[in-house]
Amino acid sequence: MQDSAQGDEATANRVVPVNGVASELRVFEICDPTGQTALTLWDRQIMSVQEGKSYRFTALSTRKEGDRTVLTSSLQTAITAVGDVGRPPSVRMLAVAGDQAVRGQVMGVQIVVKPRCRRCHAGQESVAARSTTHRCERCGILQHTNAYVFTYSGMVMVATRNGEELSLTLTNSAVFNYVRDNYLARMAHDGPSLEEEVIGLSELEATVNGEGLVVRFGPGVQAEVSGSAKQDGAQGEEVKTCELGELLAESEDINA
Ligand SMILES: [Zn+2]
């Protein structure tokens, strides 16, 4: 099936174990003119969507959440940007806990990289850090190392300016965005090298969500750069919900 829908962020990222691997999920509120529901996206898919834009989602499954039917993506789900699909006439507002900014010196860091074969989806135990190719440990196909799907997890210890030491959990999307935004693709599959980069930062700035997870981090902005008021404290974020419509009627038959 295919659904075109507009995404609105609804809840904070969470990390849950799936088959022994830490997986990141985020629940979005999506809508089109016929209705609205929740859509759970996983890992790399979370970074494929932006709030307020319209997408086509394939291979979704439905599941019951109380008396509400909600959507969940699968490994086969493809996400394609489309033109604005519009919104339903009636909306219900709901608020979620906001993000907090944390700034300080990095006292310790751990980044674990779990590569997965894009073809057979098997997790890989030993990918050589300096090698540009890797043979899948299950399907045996030799592939470029950067063609594997990497899932990140880990933690960072930050000493803030007021003397507090925080131990923060890193999400997959936070590390992925750090690698991308700081041009570290050459070491994307090399946890120890990424750890060296992070501990080498003179100051780290992180966004921590309502679940206490780091959803974004990077080098702290230099104090001399003037004028940037930091956003701090919890802040409500409003999203829209409304009645379900054809969106769900169309998807009932693909329950996985
Ligand atoms: Zn494979």
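In what order do the five strands close into a barrel? The order is β10-β13-β14-β16-β15, with mixed pairing. (Strands are DSSP runs of E, at least two residues, and helices are runs of H or I, at least four, numbered from the N terminus; two strands pair if DSSP finds at least two bridges between them.) Bear in mind that this is a predicted model: local features need pLDDT of at least 70, side-chain atom pairs count only at pLDDT 80 or more, and totals for chains, interfaces and linings use all residues. Residue numbers start from 1 along each chain as its sequence is written.

Now select residues 165-170 and 213-219. These are β14 and β16, which pair in the parallel sense over two bridges. Thr169 stands opposite Leu213 in β16.

Next, pick 172-181. That's helix α1, packed on the sheet and touching β10, β13, β14 and β16; its direction makes about 15° with that of β16. (Axes are lines fitted to C-alpha atoms, for helices over the stretch in contact, and angles run from 0 to 180 degrees between N-to-C directions; contact means C-beta atoms, placed from the backbone, within 7 Å.) Then grab 191-199: helix α2 touches β10 and β13, at about 170° to the direction of β10.

Time for the inside. Show Val156, Ala206 and Val214, which touch the most other members of the 27-residue largest nonpolar core. (Such a core is a set of buried Ala, Val, Leu, Ile, Met, Phe, Trp, Tyr and Cys residues joined through C-beta atoms within 7 Å; buried means 20 or more other C-beta atoms within 10 Å of a residue's own, again placed from the backbone.) β10 gives the most, five residues.

Note on methods: Contact = placed C-beta atoms within 7 Å. Buried ≥ 20, exposed ≤ 12 C-beta atoms within 10 Å, placed from the backbone.
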